[in-house]
Amino acid sequence: AIPGLDSLSSNSVLGSTSITLQFALDRDIDAASLDVQSAISKVSRSLPPDMPSPPSFRKVNPADAPILL
């Protein structure tokens with residue numbers, strides 16, 4: 001469990017999975033980022049060793065997305 005996690009969604013296609021974590025607005029994004037990195041590190045030991053690339057994450061602020069493309 002990661003503190004302040006409001007929702008979790010995932011999307012999978014052949015060879016790739018994307019997991020989106022949404023945190024409460026009062027949760028510090030840098031602290032949440034450290035918690036996510038820690039969780040990835042813990043689970044990485046139990047993932048298949050022949051994965052094409054290791055799990056990774058990135059911080060995204062939806063408010064930074066353009067309104068019109």
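This is a predicted model: local features need pLDDT of at least 70, side-chain atom pairs count only at pLDDT 80 or more; totals for chains, interfaces and linings use all residues.
1. The largest pocket has a lining of 35 residues, with Ile 19, Thr 20, Leu 21, Ser 56 and Phe 57 nearest its centre. A pocket here is an open set of points on a 1 Å grid over the protein atoms alone, where a 1.4 Å probe fits, with protein on both sides within 12 Å along at least five of seven lines; lining residues have an atom within 4 Å of a point. The space in this pocket is about 1400 Å³.

2. Residues are numbered from 1 along each chain as its sequence is written, and side-chain values use heavy atoms, without hydrogens and water.

3. Strand E2 (16-23) gives the most to the lining of the largest pocket, 8 residues, and helix H1 (29-44) supplies at least two.

4. The chain averages a pLDDT of 89, and 100% of its residues score at least 70.

5. There are 2 salt bridges, counted where a side-chain nitrogen of Lys or Arg is within 4 Å of a carboxyl oxygen of Asp or Glu. One joins Arg 27 and Asp 35 at 2.1 Å, N to O.

6. Lys 59 and Asp 30 form a salt bridge with their closest N and O atoms 2.7 Å apart. This pair links distant parts of the chain, 29 residues apart: Lys 59 lies in the segment after H1, Asp 30 in H1. Lys 59 is partly exposed at 46%, as is Asp 30 at 42%.

How values were computed: Grid points are joined across faces, edges and corners, and a volume is the space filled by probe spheres set on the points. Helices (H or I, at least four residues) and strands (E, at least two) are DSSP runs, numbered from the N terminus. pLDDT is the predictor's confidence in each residue, from 0 to 100. Buried means under 20% relative accessible area, exposed over 50%, partly exposed in between (1.4 Å probe, protein chains only).
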